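Subject: Structure handover

Hello,

Please find below the structure you are taking over. My notes on it follow.

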Amino acid sequence: MVQCIINIAQLVNVRTKNILLRGNALQELPILNNAYLVIDKGLIKEYGFMHNLNINQFSEQQVIDAKHATILPCWCDSHTHLVFAATREEEFIDKIKGLSYADIAAKGGGILNSAAKLNVASEEDLYTAALNRLNEVIALGTGAIEIKSGYGLTVEAELKMLRVIKELKNNSPIPIKSTFLGAHTYPEQFKNNHQAYIHAIKNEMLPIIAQENLADYIDVFCEENFFSVNETISICNAGKEYGLKTKIHANQLSISGAVEAGVMLDAVSVDHLEMMNDNAINTLSTSNTIATLLPTAAFFLRMNYAPARNLINKNAAVALASDYNPGSSPSGNMNFVNAISCIQMKMLPEEAINASTINGAYAMELEKQVGSITIGKNANLIFTKQIPSLAYLPYSFGNNLINKVMINGKFI
Ligand code: NIG
Ligand code: FE
């Protein structure tokens, strides 16, 4: 079915070809003012200026009047932990009272707390809760998403999580990428026997994951008291043998060498990057690895933000993601991610939008399908309310400026 959207105030991120944006290019956000957009079978077919549109070729039922809304490609959220069994407000209170993220993890809270709850949850309940969250973030404008395991930490529970993600993939209207994060933390019984857990990852989890096609990527939380750089390299190399490319939780709590390891492993992205030095920034900036920043995690944990300006000025390819998870970012709202990136990391609105759309798509290798207004891509679109300018979106933080979301040419 062909549809024609007319009277679009601004059609944002219109691109004839795909390119991963780095450095100054992140500021360039191509926009068509006073535009139309034609969709055929859920895909973008054509666009142009209203004054060039021959409306007579469409029947009344085919025309959608945008009434001067701005239209953006949906957000591409390339880092989430959307499947979890329970929220963690009690740790939120502990943090208000003064404990740090590392303190909470050290006393058995944090990821281990989530793992204990996930191990006893049924696959059906996990699926239902995750599907609800997925539908919530789609309504907030997310049109492609990556989801990680990592709250199982046993063979059985990691596989359970990944099967839930696979089920979401099968039923979701938006593209989903799945990441195996068995190396999220060491389960209690392996605290003093890292090799045994790594052995389980390599010899018990990965073969079944590959056999059942349960993951696209492998990820490791590379951090002091979590997985060392050498452990990270060895786990990611094992993943590679099964065809899984690397993503790394890098430099969240310390300057650990995780960024350099990620680049060496040819990681698709290294994510977090709150703690960076010149070497980490330079290594990343001259590599093909994407710097994925997760500012709502820094916000929620009251930590320093990643040096977005420095990374962009040094020519890095920056993407933005929500890190949606119960411990460090209990929100998957990419509108807020955009706002906080501008407010706290001094990204320009154009940079934030590019980093949350086309570069986020690249960070999931979904750039052929989503991330820009390009002929042949999915018609996954955000229709804003009437806004005075594009900068008004991050400026007016916390306000809901989305009027409607369209996925594959259908309003949700
Ligand atoms: O990306 N840092 C490691 N993993 C998650 C948080 C996990 C949790 O606290 O449950 C993150 O922030
Ligand atoms: Fe994360």
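How many bridges join strand β7 to strand β8, and do these strands run parallel or antiparallel? Four bridges join β7 (residues 142-148) to β8 (residues 176-183), and the two run parallel. Helices (H or I, at least four residues) and strands (E, at least two) are DSSP runs, numbered from the N terminus, and two strands pair if DSSP finds at least two bridges between them. Across from I145 stands I176 in β8.

Before the rest, the conventions. This is a predicted model, in which local features need pLDDT of at least 70 and side-chain atom pairs count only at pLDDT 80 or more, while totals for chains, interfaces and linings use all residues. Residues are numbered from 1 along each chain as its sequence is written, chains are lettered from A and ligands numbered from 1 in the order in which they are written, and side-chain values use heavy atoms, with hydrogens and water left out.

The sheet

β7 and β8 belong to an open sheet of eight parallel strands, in the order β6-β7-β8-β9-β10-β11-β12-β13. β6 (75-77) and β13 (318-320) each have a single partner strand, so one side of each has no neighbour in the sheet. From one strand to the next the twist averages 25 degrees. Helix α13 (residues 349-356) packs on the sheet and touches β6 and β13 (contact means heavy atoms within 4.5 Å); its direction makes about 80 degrees with that of β13. Axes are lines fitted to C-alpha atoms, for helices over the stretch in contact, and angles run from 0 to 180 degrees between N-to-C directions.

The ligand

Ligand 1 has 15 residues around it, of which Y101, Y151, H184, Q252 and S328 come nearest; a residue counts as near if one of its heavy atoms lies within 4 Å. Polar contacts are pairs of N or O atoms within 3.5 Å. An N or O atom in the side chain of Y151 is 2.6 Å from an oxygen atom of ligand 1. For S328, a polar side-chain atom lies 2.6 Å from an oxygen atom of the ligand, and for H184 one lies 2.8 Å from a ligand nitrogen atom.

The antiparallel strands

Strand β14 (residues 381-384) pairs with β15 (residues 402-407) in the antiparallel sense over four bridges, with V405 as the bridge partner of I382. β15 also pairs antiparallel with β16 (residues 410-411), over two bridges. These last two strands form a hairpin with two residues between them, and N408 in the turn has a positive phi of about 50 degrees.

Regards

Definitions and conventions: Polar contact = N/O pair within 3.5 Å; in protein donor to acceptor, adjacent residues only side chain to side chain.
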